[in-house]
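Let us take a friendly walk through this model together. Have your viewer ready, and follow along as each part comes up.

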Amino acid sequence: MNKCPVKVAELSVSFNGTSVLQNVSFELEKGSLVGIIGPNGAGKSSVLKHISGYLAPTEGRVCLFGEPVMELAADQRAALLSYLPQINRVEFPYKVSELIALGLVNNHALDKAQKKSQINKVLKRLNIERLEERSVDELSGGEQQLVHLARILLQDAPVILLDEPSASLDIGHEGQLMNILYSLAQEGKTVLVALHNLNTAAEFCDRLLLMHHGKLIADGVPSSILTQQQIQQIYPYEVKVSINSSTGNPNILAVKRDSY
């Protein structure tokens, strides 16, 4: 499996005559943590849905390890890619352990005891052992997100896509999540995560893809993407970009006004 994990080539998408994505092209390398950023409606979620194979492109191509994603069977995609969307509705009152175990549904090599051991490891890694016997529909939004992340970790696919996974997390759990994603990239996974928190993106991501109006307008290391001029052009309200004195990475803050 030496081919490029993810290749997006001239991806264009239209819904009901409205252009959603326009000629988006990029590649993701093995062992990278890449953030996809941009204002609401920029096209971040659409990019992730098309890489996952959930939606078919109007034009262009998406490949996983050299294979067109739309030509892969569901079980083949599951072996190569895991996807955590923004909204994860649970229609049945699964116990946490039952929902997490779905990440092992295609792993037939493990017996019952081995699966239990794997579940326990991921519960411990996320520090959610206390939730194991709880019903998922009784959990807070942040707790549910950690449970879904546990399922993704158990799936153990080489490519991981996450759409705003920290949106419902407090700052402590956000840091925990991003450190886990960073460690997964260090272990050789290819991780693409949509983020709204630009400071989090700057601190943790190796590379950023900046989306605006369905176009990929910039691609590079955080210091080259999160500049005062570029951010001010994209986001409609005044922000201040400075340098974090501790890490040397960009730091972005909204500017307080006397009146609005």
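In what follows, a residue is buried when its relative accessible area is under 20%, exposed when over 50%, and partly exposed in between. Arg-125 shows how this works: its relative accessibility is 37%, so Arg-125 counts as partly exposed. Please keep in mind that you are looking at a predicted model.

Four strands make up an open sheet, and going across it you meet them in the order E2-E1-E4-E5, with antiparallel pairing. The edges are taken by E2 and by strand E5 (67-68); each has a single partner strand, so one side of each has no neighbour in the sheet. Look next at E1 and E2, which are paired in the antiparallel sense over 7 bridges. Within this pairing, Lys-7 is found opposite Glu-27 of E2. Helix H1 (residues 44-52) packs on the sheet, where it touches E1, E2 and strand E4 (59-64), and the direction of H1 makes about 65° with that of E2.

Is Gly-43 buried or exposed? With a relative accessible area of 8%, Gly-43 falls under the 20% limit and is therefore buried. Leaving aside residues up to four places away in sequence, Gly-43 touches Leu-21 and Met-211.

Now to the charged side chains. In general, side chains of opposite charge can pair when their charged atoms come close. How many salt bridges does the structure hold? There are 7 salt bridges, and three of them are worth a visit here.

One joins the side chains of Glu-27 and Lys-7, at 3.9 Å from N to O. Glu-27 belongs to strand E2 (residues 18-28) and Lys-7 to strand E1 (residues 6-15), so this pair ties together parts 20 residues apart in sequence. Glu-27 has a relative accessibility of 40% and so counts as partly exposed; Lys-7, with a relative accessible area of 40%, is partly exposed too.

Another salt bridge brings us back to Arg-125, whose partner is Glu-187, with 3.4 Å between the closest N and O atoms. Since Glu-187 is in the loop between helix H6 (171-186) and strand E8 (190-194), while Arg-125 is in helix H4 (residues 112-125), the pair ties together parts that are 62 residues apart in sequence. Glu-187 reaches 54% relative accessibility, so it counts as exposed.

Lys-189 and Asp-156 form a further salt bridge, at 2.6 Å from N to O. Lys-189 lies in the loop between H6 and E8, Asp-156 in the loop between H5 and strand E7 (159-163), and the two are 33 residues apart. At 14% relative accessibility Lys-189 counts as buried, whereas Asp-156 is exposed, with a relative accessible area of 51%.

The largest nonpolar core has 50 residues, and Leu-33, Ile-100, Leu-181 and Leu-226 have the most contacts inside it. Helix H5 (residues 141-155) gives the most to this core, with 7 residues. Apart from this core lies another, of 28 residues, including Val-24, Ile-36, Val-47 and Ile-51. As a last stop, select Leu-181: not counting residues up to four places away in sequence, Leu-181 touches Leu-33, Leu-162, Val-191 and Val-193.

Definitions and conventions:
Residues numbered from 1 in each chain as written. Predicted model: local features only at pLDDT ≥ 70, side-chain atom pairs only at ≥ 80, totals over all residues. Heavy atoms only, no water. Core = buried A, V, L, I, M, F, W, Y, C linked by side-chain atoms within 4.5 Å. Buried < 20%, exposed > 50% of the residue type's maximum accessible area, 1.4 Å probe, protein only. Contact = heavy atoms within 4.5 Å. Salt bridge = Lys/Arg side-chain N within 4 Å of Asp/Glu carboxyl O. Pairing = 2+ DSSP bridges. Axes fitted to C-alpha atoms, helices over the stretch in contact; angles between N-to-C directions.
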